[in-house]
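The questions below ask how the labels attached to a model follow from the values behind them. Each answer sets a value beside its criterion and then draws the conclusion.

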Amino acid sequence: MNPTPAVALSGVTKTFGDVEAVRGIDLELRQGEVVAFLGPNGAGKTTTIDLVLGLSRPTTGTVRVLGLEPRQAVARGLVSAVMQSGGLLKDLTVRETVAYTAALFADARPVDRVIAEAGIEDIADRRVATCSGGEQQRLRFAMALLPDPALLLLDEPTTGMDVEGRRTFWSAIRRDAGQGRTVLFATHYLEEADQYADRIVLVSRGRVVADGTGSEIKALASGRTVRATLADADIERYTEVLAALGGVDAVEVRGDTLLVHAKDSDAVARYLLTETPARDLEVTARNLEDAFLSLTGDAR
Ligand SMILES: Nc1ncnc2c1ncn2[C@@H]1O[C@H](COP(=O)(O)OP(=O)(O)OP(=O)(O)O)[C@@H](O)[C@H]1O
């Protein structure tokens, strides 16, 4: 028997006027998974998280959280979130903030426990206004832990945290995931995703363009791109040879420009320079942004 997915998105789109923020996402998260939602600015990460939180409704498609409508799941205390900004009263102390939030839940965990888990005991008596950005993020994390949620959503949670803050934060996340909590976090950083997530969902321009383990996703962003000018009637023959070279991922022809994505750029360069009339050769490292672009077919 399959347990109910923690999150199930099916054919989800979301448009704001002319902007298609989410352009068709199908995604299932299993209970207890820690999943990174990785993508560049404007990919649709925050919009998707808002849909899972029931803060907005999809234009088309369905969103289920533990088999329920998002709002029902939130109302039952099954879901909480750490968002990038807002939600704090500057004049309260850290402890007062957690205590007041706890009073909003029918069944909150002890205030001191969550303060300890979020690693903010030393600043518990400080006024929120005097806390740094990273400390405020840890306070939001403490607040999110109060209902002991089955699903925790984090939108770029470690923004502003120093190295020690990040370490405390992620070790708390991993410990809770070990006890069955599902975590979905949005990030721009491949390293953060790779280090802390069981699974990385790569999003670009409102779509999932890859879904896999850290090493699978890193492999997509590795290698180099060899660019050359090759104005020759035989270009097709060369591209066939190139495509068959070991370590070549993709060959593209745009006018008289040839682009070869490869793990072994030396072999590609050697072939082009010795066997073809290619000129103006350029070899560049392929980064995550290139990987996004080539995966979405939007490379230019
Ligand atoms: N309320 C809104 N009205 C109009 N456009 C919006 C609205 N919310 C988001 N968008 C647009 O939808 C697209 C996706 O935005 P979203 O904030 O979901 O991306 P993101 O992946 O979270 O980006 P970032 O990493 O910058 O936070 C962007 O083009 C954004 O400008």
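This is a predicted model: local features need pLDDT of at least 70, side-chain atom pairs count only at pLDDT 80 or more; totals for chains, interfaces and linings use all residues.

Q: What makes two strands count as paired, and how do you know that β1 and β2 meet that criterion?
A: Two strands pair if DSSP finds at least two bridges between them.

Q: Why are β2 and β4 called edge strands?
A: The open sheet of three strands has the order β2-β1-β4, with antiparallel pairing. Within that sheet β2 (19-29) and β4 (60-65) each pair on one side only, and they are the edge strands. From one strand to the next the twist averages 25°.

Q: Why is α3 described as roughly parallel to α5?
A: The axes of helix α3 (residues 94-104) and helix α5 (residues 133-145) cross at roughly 25° and come within 9 Å. Angles under 35 degrees count as roughly parallel, so α3 is roughly parallel to α5. The crossing of α3 and α5 is right-handed.

Q: Which residues make the contact of α3 and α5, and how do they divide by class?
A: On the side of α3 the contact is made by V94, T97, V98 and T101, while α5 contributes L139, A142 and M143. By class, the residues of the contact of α3 with α5 are five nonpolar, two polar and no charged.

Q: What makes β11 and β13 the edges of their sheet?
A: Four strands form an open sheet in the order β11-β12-β10-β13, and the pairing is antiparallel. β11 (248-254) and β13 (279-285) each have a single partner strand, so one side of each is left without a neighbour in the sheet. In this sheet the twist averages 15° from one strand to the next.

Q: How do you know that β11 and β12 are paired, and what lies across them?
A: β11 and strand β12 (residues 257-262) are joined over six bridges in the antiparallel sense, which meets the requirement of at least two bridges. Within this pairing A250 stands opposite H261 in β12. Helix α9 (residues 235-244) lies across β11 and β12, and runs at about 165° to β11.

Q: What makes β8 and β9 a pair, and what is found between these strands?
A: Strand β8 (residues 199-204) and strand β9 (residues 207-212) pair in the antiparallel sense over five bridges, where at least two are needed. S204 stands opposite R207 in β9. The hairpin of β8 and β9 has two residues between the strands, and R205 in this hairpin takes a positive phi near 45°.

Key: Residues are numbered from 1 along each chain as its sequence is written. Axes are lines fitted to C-alpha atoms, for helices over the stretch in contact, and angles run from 0 to 180 degrees between N-to-C directions. Angles under 35 degrees count as roughly parallel, over 145 as roughly antiparallel, 65 to 115 as roughly perpendicular and the rest as oblique. A crossing is left-handed if the near helix is turned anticlockwise from the far one by less than a right angle, and right-handed if clockwise. Two residues are in contact if their C-beta atoms, placed from the backbone, lie within 7 Å. Ala, Val, Leu, Ile, Met, Phe, Trp, Tyr, Cys and Pro count as nonpolar, Asp, Glu, Lys and Arg as charged, and the others, Gly among them, as polar.
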